[in-house]
Amino acid sequence: MSLESLMWVEKYRPHKIDELVNQEEVKERLKPLLQKKGELPHLLFAGPPGSGKTTTALVLAREILGDLVGDYTLSLNASDERGIDAVRDRIKTFASYSDRREGVPFRLVILDEADEMTRDAQTALRRIMEETSRYTRFVLICNYSSNLIEPIQSRTAIFRFKKIGHEEVAARLKKIAKAEDVKVADKVIQAIAAAVDGDLRQGINLLQAASAGGTELTLEKVNAVTGSSVKERAAEIIRVALGGDFPGARLKLVELTRVYGIPESDFLRFANEEIAKGDDEKTGEAIKILAEYDYRLAMGANPEVQLTALLAELAALRSGRDGKR
Ligand SMILES: Nc1ncnc2c1ncn2[C@@H]1O[C@H](COP(=O)(O)OP(=O)(O)OP(=O)(O)O)[C@@H](O)[C@H]1O
Ligand SMILES: [Mg+2]
């Protein structure tokens, strides 16, 4: 099973505009634009975390490009760890193809965290937007539109996403719990909704994390998940991996990096502390493996891929011990 399909945020990500909750104004303004696809302006989605911005961009891309969405859409994160030059190069290359295809009005660039770009990078982006506007449309995503330079703001149609209300968060979580056969009392759902304060992504992740390994979700389980520190979680992931359970460790890692957004370097530091506590013949080997991945990340390798591979190697240490020796 793919990593994505294990995550409830992906499993329950809306596929149609109508499935989005709490963004009526955005929905109403987007619908007419979809009637005249060829005339779509550049778009700017602004709003709080977990309110549906990325989801809307993905839905839109599919509505416009249909089955060709994969070939004609470029999704990037502006705060890409490889640096803004890499982002710029990729947009430039992608946007400069001018091949036209029946039914494909233009190429689409979805640029997340656009407000993380420096002013210089934004100026360069603006230039690219202009140079490629015949064949390319941009969907820029940010938390605060005011962090974008004025020339970009004025070249885009701005859509403001609202923070999702507690009641809507609660209703969505209830629906998901039901679909997953998780028994959960109203007050527990309310507690999650209060904790995440409108961030539906965090709410769904919390629901999933607290439901792991049980069919009934109690307040205690929710508190256990919200209460433990990032350091404890990282240590737990390492213990699970060293115990030989790669899928389990991988799921927890995804939770940690996506729900709590912890930097990879922090994860490695906590991982190192946890591994160093061991004192069997595998400890040295595990530390060497960790050092190798530390190096790869420093060289700019993809963090999610590398950390997943790290867990696989740590888990394999265990099966090596049980098996060959
Ligand atoms: N309005 C919504 N309606 C239904 N589900 C939503 C909505 N907003 C968020 N979700 C759920 O939360 C997940 C994350 O949403 P999404 O990635 O669209 O958030 P975002 O606004 O892009 O947040 P961020 O600023 O953190 O990137 C989705 O996969 C979906 O399951
Ligand atoms: Mg997003």
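Buried means under 20% relative accessible area, exposed over 50% and partly exposed in between, with a 1.4 Å probe and protein chains only. I looked up S211 with this in hand: S211 is buried, because its relative accessible area is 8%.

**Basis.** I am working on a predicted model, in which local features need pLDDT of at least 70, side-chain atom pairs count only at pLDDT 80 or more, and totals for chains, interfaces and linings use all residues. Residues are numbered from 1 along each chain as its sequence is written, chains are lettered from A and ligands numbered from 1 in the order in which they are written, and side-chain values use heavy atoms, without hydrogens and water.

**S211.** I placed S211 in helix α11; helices are DSSP runs of H or I with at least four residues, strands are runs of E with at least two, and both are numbered from the N terminus. I then listed its contacts (heavy atoms within 4.5 Å). Neighbours within four places in sequence aside, S211 touches W8, V182 and L217.

**Ligand 1.** I counted residues with a heavy atom within 4 Å of the ligand. There are 20 around ligand 1, and V9, K53, T54, T55 and R201 are the closest. I next checked polar contacts, pairs of N or O atoms within 3.5 Å. Oxygen atoms of ligand 1 lie 2.7 Å from a polar backbone atom of G50, 3.1 Å from one of S51 and 2.5 Å from a polar side-chain atom of T55. The protein covers 93% of the 630 Å² of accessible area that ligand 1 has on its own, by the Shrake-Rupley method with a 1.4 Å probe. Helices α4 (53-65) and α11 each give two or more residues to the shell.

**Domains.** From an automatic or database assignment I took domain 1 (23-160), domain 2 (166-227) and domain 3 (230-320). The C-alpha centres of domain 1 and domain 2 are 32 Å apart.

**V254.** I found V254 in helix α14 (residues 246-259). V254 counts as buried because its relative accessibility is 4%. V182 is 72 residues from V254 in sequence and 21 Å away, C-alpha to C-alpha.

Notes: A polar contact is a pair of N or O atoms within 3.5 Å; within protein, one must be able to donate a hydrogen and the other to accept it, and residues adjacent in sequence count only if both atoms are side-chain atoms.
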